[in-house]
Amino acid sequence: MIVTDARRNTAVCRDLDFPALARGYRRDGAAVMFVPALDFGRDAWHHSRPAVVRGVENGFSVVRSAADGHLTVSDQYGRVLAERAAGGREIATVVTSVPVGGSATLYTRWGDWFAWLCLASAAAVAGRAAVRRRTRPVRRSADGRSRDGGP
């Protein structure tokens, strides 16, 4: 495969399972990532998908070859352009054009702030609900009994 006029980088196997590494590659200018990998029959398809996600998050194309797994080529929008299963010692190839014009995304620039904001918001809502439950006054019916069945 010949890639011209592009910044390219290489990640090995599970490197793209770690978002911070992929963000670093993009910040360094990678527009295409080449990823040699070794899958194991059962996890082949599932292991190929985090690489596709990292490409979408960071705006680069991914060319992933895998022994005993899935050869996958995806663009910066997550479209799988070519894919083929390879198993054992068989040789498998895919031929396709790889778009090389990705751009940095908000995720690349700002990192995990949105995920942390969601987590903090969920904790605040849960905390508020717990406090309201403890401080809620006991409502009493007309005969003086509480509505929850207590005295």
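Is Arg14 buried, partly exposed or exposed, and what is its relative accessibility? From there, please turn to helix α2 and describe which of its residues are buried and what covers them.

Modeller: The model is a predicted one, and what follows should be read accordingly. Arg14 counts as partly exposed, because its relative accessibility is 39%. The side chain of Arg14 forms a salt bridge with that of Asp17, with 3.3 Å from N to O. Asp17 has a relative accessibility of 26% and therefore also counts as partly exposed.

Now to the helix itself. Just after α2 comes Gly59, which takes a positive phi of about 75°.

One of the buried residues, Arg54, carries a charged partner. Its side chain meets that of Glu57 in a salt bridge, at 2.7 Å from N to O. Both Arg54 and Glu57 lie in α2, three residues apart, which is about one turn of the helix. Arg54 counts as buried because its relative accessibility is 10%, and the cut-off for buried is under 20%.

The place of α2 in the chain can be described through the strands on either side. Together, β2, α2 and β3 make a right-handed β-α-β unit. The strands β2 and β3 pair in the parallel sense, over seven bridges. In this pairing, Ala37 has Ala66 of β3 as its bridge partner. On another side of the account stands β1 (residues 8-10), which runs parallel to β2 (residues 32-38) and is joined to it by three bridges. Here the chain crosses from β1 through α1 to β2, and this β-α-β crossover is right-handed as well.

Asp75 forms a salt bridge with Arg79, where the closest N and O atoms are 2.6 Å apart. Asp75 has a relative accessible area of 2% and is therefore buried. The count of salt bridges in the model comes to four.

Conventions
Residues are numbered from 1 along each chain as its sequence is written. This is a predicted model: local features need pLDDT of at least 70, side-chain atom pairs count only at pLDDT 80 or more; totals for chains, interfaces and linings use all residues. Side-chain values use heavy atoms; hydrogens and water are left out. Buried means under 20% relative accessible area, exposed over 50%, partly exposed in between (1.4 Å probe, protein chains only). Helices (H or I, at least four residues) and strands (E, at least two) are DSSP runs, numbered from the N terminus. Contact means heavy atoms within 4.5 Å. Two strands pair if DSSP finds at least two bridges between them. A crossover is right-handed if, with the strands pointing away from the viewer, the path from the first strand over the helix to the second runs clockwise.
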